[in-house]
Amino acid sequence: MKKISLEELQKESRTESYPEQYRYICGLIEQQRITPVKSSPRNGKKPALYTSYWLAEEKPDYGEELEELQFRTVPAIRTDYYLNHPEVYREERKWVRLLNRFFLEQGEAGSRNLPYVSLNERSFRIWGREKFLQREQGRKILAHCGVGLEELRVYRTTEPLAYYSRTRRVPQTILILENKDTFYTMRRWLMGEGEAAQGNTGEPPFHRIFGSEISTVIYGAGKGILRSSQDFRFCVEPHINHPENEILYFGDLDYEGIGIYERLAALFSTGEEMAGRAGRHEIKPFIRAYEKMMDKARGYGKDFLPDMSGNQNRNLSGLFFRYFSHETKEAMIQLLEAGKYIPQEIVAITDF
């Protein structure tokens with residue numbers, strides 16, 4: 001609340017007569033427009049007045065805003081929040097009206113028949129600000145309107161997935177790789193560059209890796225694949241997103257690498273349209289590749305293996321280990337509990 005002095009109130013009364021000034025100020029007090037600051041001194045006149053007063057805030061009239069929310073807002077926008085907080089609506093009205101206009105332009109079908117576009121493209125289409133949803137107050141506006149991003153038919157433009165396909169035939173087996181070096185190595189192999197490394201003079205089966213026929217390798221970029229998977233079908237060509245494809249995963253044998261696999265498998269198994277996939281899909285560990293890691297690690301000896309960093313999240317669901325034999329699972333767990341890990345780079349092109 002603001003303070004106002006007795007002198008200012010006397011000027012507002014527009015009279016030099018003290019009795020009239022007194023009646024004017026008493027009238028303001030009765031109307032609850034001002035309240036005396038009782039800690040302030042009196043003016044020494046009769047009848048006496050306090051020398052300072054609190055100005056009462058006038059209650060704003062939200063009639064126009066409430067009428068707009070109740071009668072001129074499309075059903076796609078839930079108005080409950082703003083009806084309970086009209087002062088917030090007054091601040092955000094400009095942005096809500098633009099969203100309302102967007103839905104009105106779609107007609108009865110709403111946004112259901114709209115093609116998917118990128119987050120920034122839709123943001124500019126509605127609000128004239130391409131970063132409004134990504135960096136500005138767009139998410140808050142949508143939350144207040146009860147509108148989900150899925151209703152705007154948008155996809156997030158995550159970092160593009162790097163992949164190489166030896167063939168576009170479907171169904172096919174796809175291998176997602178955690179690290180860049182292994183991706184480059186396996187891509188070289190699928191492109192037929194492994195002959196010199198193998199010392200072969202004939203035609204080696206470059207389409208097979210550890211006995212499995214692999215048609216596409218994808219670079220997952222560590223945890224980056226978790227972000228890309230949310231809009232998987234927008235990141236890849238149709239032959240990679242085919243529902244009958246087999247998808248394998250291969251990464252470091254440590255808590256972090258196993259955790260990436262388990263979270264990725266969970267995302268792909270939901271089958272939600274928000275994940276950008278046609279339906280549920282099981283992702284399996286590339287068992288033969290992990291077994292090869294373990295075989296080579298035994299040859300080097302446990303002391304040769306690097307120590308695992310102590311800040312890794314050890315909270316695993318156990319899904320990863322279900323695909324392996326009891327003996328392999330126990331050996332992996334013993335290795336992890338000893339604080340050691342096996343990097344994916346333990347396998348090289350000469351091992352395929």
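Let's start with Ser165, which is buried because its relative accessible area is 13% (buried means under 20%, exposed over 50% and partly exposed in between, using a 1.4 Å probe and protein chains only). Before going further, note that this is a predicted model, where local features need pLDDT of at least 70, side-chain atom pairs count only at pLDDT 80 or more, and totals for chains, interfaces and linings use all residues. Residues are numbered from 1 along each chain as its sequence is written, and side-chain values use heavy atoms, with hydrogens and water left out.

Ser165 belongs to strand β6, residues 162-165. Helices (H or I, at least four residues) and strands (E, at least two) are DSSP runs, numbered from the N terminus. Which residues does Ser165 touch, leaving aside its neighbours within four places in sequence? They are Ser215, Thr216, His239 and Ile240, where contact means heavy atoms within 4.5 Å. The side chain of Ser165 makes a polar contact of 2.7 Å with that of Thr216, and another of 2.9 Å with the side chain of His239. A polar contact here is a pair of N or O atoms within 3.5 Å; within protein, one must be able to donate a hydrogen and the other to accept it, and residues adjacent in sequence count only if both atoms are side-chain atoms.

Now move to strand β7, residues 173-177, which is mostly covered, with five of its five residues buried. Thr173, Leu175 and Leu177 point one way from β7, Ile174 and Ile176 point the other way, and all are buried. Thr173 sits in this strand and counts as buried because its relative accessibility is 13%. Not counting residues up to four places away in sequence, Thr173 touches Glu213, Ile214, Ser215, Thr216, Glu246 and Leu248.

What does β7 pair with? Strands of a sheet pair through backbone hydrogen bonds, either parallel or antiparallel. For two strands to count as paired, DSSP has to find at least two bridges between them. β7 runs parallel to β11, with five bridges joining them, and parallel to strand β10 (residues 216-219), with four bridges. Ile176 is a handy landmark: it stands opposite Tyr249 in β11 and opposite Ile218 in β10.

A pair of aromatic rings is described by the distance of the centres and the angle of the planes. Rings of Phe, Tyr and Trp (its six-membered ring) pair if their centres lie within 6.5 Å; planes under 30 degrees apart count as stacked, over 60 as edge-to-face and the rest as tilted. A search of the whole structure turns up 19 aromatic pairs. Take Phe250 and Phe286: their ring centres are 6.5 Å apart and their planes stand at 90 degrees, so this pair is edge-to-face. The pair links distant parts of the chain, with Phe250 in strand β11 (residues 246-250) and Phe286 in the loop between β12 (283-285) and α13 (287-300), 36 residues apart. Phe250 counts as buried at 0% relative accessibility, and Phe286 counts as buried at 2%.

Phe250 also forms an edge-to-face pair with Tyr290, at 5.1 Å centre to centre and 90 degrees between the planes. Here too distant parts of the chain are linked: Phe250 is in strand β11 and Tyr290 in helix α13, 40 residues apart. Tyr290 is buried, with a relative accessible area of 1%. These rings are part of one aromatic cluster, whose members include Trp189, Phe210, Tyr249, Phe250, Phe286 and Tyr290.

Finally, go back to the start of the chain. Three strands form an open sheet in the order β1-β3-β2, with antiparallel pairing. β1 (2-5) and β2 (34-36) stand at the edges with a single partner strand each, so one side of each is left without a neighbour in the sheet. β2 pairs with strand β3 (residues 52-55) over three bridges, and Thr35 has Trp54 in β3 as its bridge partner.
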